[in-house]
Structure formats: structure tokens, C-alpha cells
Number of protein chains: 2
Amino acid sequence: MIGIVGGVGPYSGIDLLKKVFDNTLANCDQEYLDAILISASSKIEDRTEYLIGNIKENPAIAIAEVLFKLQDVGATVAGIPCNTAHSEKIFSIIQLQLKKSEATINVLNMIEETVSFIGINYPNINKVGVLSTTGTYKSGVYTKALQSKGYEVIVPSLEMQENLIHPGIYHSTYGIKTISNPIHPKARKNLLEGISFLKAQGAQAVILGCTEIPLAITETVINDLITIDPTNVLARALVLHSNPNKLKPL
Amino acid sequence: MIGIVGGVGPYSGIDLLKKVFDNTLANCDQEYLDAILISASSKIEDRTEYLIGNIKENPAIAIAEVLFKLQDVGATVAGIPCNTAHSEKIFSIIQLQLKKSEATINVLNMIEETVSFIGINYPNINKVGVLSTTGTYKSGVYTKALQSKGYEVIVPSLEMQENLIHPGIYHSTYGIKTISNPIHPKARKNLLEGISFLKAQGAQAVILGCTEIPLAITETVINDLITIDPTNVLARALVLHSNPNKLKPL
């Protein structure tokens, strides 16, 4: 059974589950893979707020609690559809909690899966742009993972990050986390400006490095850049680990 | 915590969870209601196939097992986003299983919630059309529930039901259960023909009485008929039972 840590954010959990089904070969209900999603958003503190120091409690503890519950119900492999939760200060503590409890559930690392996916599917790409929350931006989680595999990494300037990209996700009147059905045009406009910047700096692909971003940027190629959706990559990895015969070809 | 019996079908479970969040007043992740969705589609036999006699095993048993798991993880109220599962031959057995195990989880009845929703929000309507699977059609679950409240009920002819409506949902090459992202134009066309028929017979509203149908018919008014989406009604009822202060006004 596939486990999904929902609630980080609520719509990202749904998006991951939908992408698990979208990437599954099935002709009727009974041929889909079994899955469980727990959306405990009220108990998991904001990941970015923790990383930038505004919140003391590490959200890793509450995320690990969800993983224990997923395992109890029968999940053997799990994904956390939140890039910021994969920053070292959070993800390492999730892993520590699991280890302390001798948990057997296999928690996939969305960042590593994404870097590996680019290497396998786009071998000619060497300059990769990244759009993300300020938490992910400052943690440098994608930058480190990409650079360790030899990629040149392009990110927005700090000013652009704080005034354009982060508000596109978090702004209280137009951000994707507030308005997602449908997306507010200003949120999409902010992100498109970011993509133009990355392209001007030479990026060949752009990682939509916050699980909310693909809700606003749904194109597979935008402004000539290949878009990489880590949620979709994670969904494919979950299907592969659960039942490789069920993985829909790209 | 809100519980969702997913997998009946897989995308309907996602649709219900999304509608729970869509109907919740929340400005950040932490303000959404906690929820758990278990999609055990591999273990739950097709509801229509059971009702028409092609399958012996009552899917109620597997659905009740999911409800027990939802309760174990902390769900206090639950919804089953499958109209056909609310036919008496299935729903009464689900309720019996819960009673035998002294389960405390409150399972809402999507059909009763829908009829009640029409009465409260559209007091001038008295002729209601219903589109559904052949299983729901033959069980007459909506017809009985509506007639008991004094409504005149309009459904497709049996020929139209079997050659147009049911294939729109179940057909192996164009049905919504096979092709849902995006919906196949033939599936939508079949359903629109059904809606035209209901209108010609005098219907003032149409219940989209299979949880797959709102994936193809997303309009709130179509061909002058008000569309009633039982999944959305159920989502609102789940929010109301979980935390009435969080219910977004219509």
C-alpha cells in the first residue's frame, strides 16, 4: 500500500495521490494501486516558518507521527509532497524519528528522485533552474542535490524570491495556498516572471520546486524550458516501488 | 477527523477530499480540517456488477473494513463517494457490519444528504432528474429517496440508460472510469444527451448521481437545469459535522 503524508499542504497531498493514479496502468477501479492519505495539516507547523526561525517546533516530529500511522494502516512505501520538508533540518529529523522507532516504511526522498529523474530522462541538460518557497530557497536543498551531480543551478535573485516567488505561493489574498480553485492570475504572473528570469540566465529546465507551483504552471514546456514537477516524479517513484508492472510509460 | 472511503472509484475519493477542502474556510495549511482517505480499490468489488448479479460478493464487507480502519486512525465522521454503494442491498449491509462491531464512526448517507440539500436550497423545485450508473438506476435509490419527500422523479429510458449513460461512465475506451484526465469528449456527449432528455421531460434540476459524472459535467447550470453534485453535498455535510464554523457559505 502506498502512503501519502497529506496536509503539507492539503492540496499537494491530493495532487500527489491523483498523480499516483494518473501514472498507474489500470482499466477499472480494481486495477488501481491501494493507497492511504492522511492530511493532518492542523498538527504540522509551516515548514518555511520553521526554517527561517519564526517557529520553534520542528514539523519533522508531526510528519513522523503521520508516517507511523500510515505504516500502522499498511503502507510500505511513502512520499511527502512538500519540498521544504526535504531540507536537511527537517528531513534528517524525520529519518531519525523513524530510525528510533525502528519503522520499516520506506520514505522516498522527493529531491533525490527529481535529480535522478532529470539525469535519466534529459541526459543533455546541464543547467537547471529552480523555483521554490523561501524556505527551500534558503535551505539550498535542490542546489546541493543538483550540484553534487554536476549540474549548474540557477535560482532567482533574493529580491525576486522574496517579492515575487514566495508571495505567489503564500500571499494572503492571491497566493496559491489561499486561492487555488481557480488559481489567482497574479500568482501565475509572478511565477512566469521567475521562469523568464531563469531562462535569461541560461536554464534549460525548471524544477517547480514547491508542490503548490504545478497547480499554477501546468505546462510540460513553458517559455522553451522543460518543466519538472517533483510531485509527478515522486508519484512515479511510488508506483515503481509499489508495483513496477503498473507504471505507465512516459 | 474526517474519513473518506476512497477507491469507489479512486478518482471519486480524491474528488470528495478536494471538495471537503474547497468548502472549508481556511487561510493557511493549519486551518484546514484533518482528514484521512483510504483507497482500497483492489479489495472492493464493482458495486454495479454486484447489484446486477454478475458478482456474488457484497462490496459492503470490504467497504465496512475500510470504515473500521478510518475509525482506528481517528475518523469520527465518514463519507462514501459512491452513489451505487448507497443502494439498499449494499448500504444496509455496511450499516449492519458497523452495528455488529459497535462502531462509533458516523457514516453520512450521500443520497439522503442530497435530497435534503435540494429541499433546503431550492424550495421551488419539484421535478428532479437523475443520471447514474445502471446499478443505481435499477436499485432506484434516488427515486425512492426523492419520492418519499414528494418529488416527481425523471430518469432516462432503459435503452438510453444502457446504451448512452452507463457506457459514458464505464466504457473501456471512452468511459470516465477509464479516461478521466482529460475526459473523453464522447463520455461528455453521452451525458449531455441524457440531460437534454431529462429537460424535455420537465426536470428542473439534475442530480449527477454517479460520482464520476461531475468530472465530465462541471457546470452548476447546464441546458437551463441546475446541476446537483452529491459529492459536493457530501463534502459540505462532512465539514458541517466535523466543524460547522469552518463551512464556507454557498
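## Extent of the interface

Buried area is the accessible area, taken with a 1.4 Å probe, that two parts lose on being put together, summed over both. In this predicted model, chain B and chain A bury about 3100 Å² between them, and carbon and sulfur atoms give 50% of that area. On the side of chain B, the residues that lose the most area to chain A are B:Tyr11, B:Asp29 and B:Gln30, which together account for 20% of what that side buries.

The contact draws 35 residues from chain B and 35 residues from chain A.

## Polar and charged interactions

Six salt bridges are found across the interface of chain B and chain A. One of them joins the side chains of A:Asp29 and B:Arg47, with an N to O distance of 2.9 Å. Across the interface of chain B and chain A there are also 19 residue pairs in polar contact, both residues being at pLDDT 80 or more.

## Elements and composition on the side of chain B

Helix H1 (10-22), strand S2 (35-39) and helix H3 (60-73) of chain B are the elements that give two or more residues to the side touching chain A. Of these, H1(B) gives the most, with seven residues.

By class, the side of chain B that touches chain A comprises 16 nonpolar, nine polar and 10 charged residues.

## Strand pairing between the chains

Strand S2 (residues 35-39) of chain A is joined to S2(B) by five bridges, and the two strands run antiparallel. Within this pairing, A:Ile36 stands opposite B:Ile38 of S2(B).

Definitions and conventions. Residues are numbered from 1 along each chain as its sequence is written. Chains are lettered from A and ligands numbered from 1 in the order in which they are written. This is a predicted model: local features need pLDDT of at least 70, side-chain atom pairs count only at pLDDT 80 or more; totals for chains, interfaces and linings use all residues. Side-chain values use heavy atoms; hydrogens and water are left out. Contact means heavy atoms within 4.5 Å. A salt bridge is a side-chain nitrogen of Lys or Arg within 4 Å of a carboxyl oxygen of Asp or Glu. A polar contact is a pair of N or O atoms within 3.5 Å; within protein, one must be able to donate a hydrogen and the other to accept it, and residues adjacent in sequence count only if both atoms are side-chain atoms. Helices (H or I, at least four residues) and strands (E, at least two) are DSSP runs, numbered from the N terminus. Ala, Val, Leu, Ile, Met, Phe, Trp, Tyr, Cys and Pro count as nonpolar, Asp, Glu, Lys and Arg as charged, and the others, Gly among them, as polar. Two strands pair if DSSP finds at least two bridges between them.
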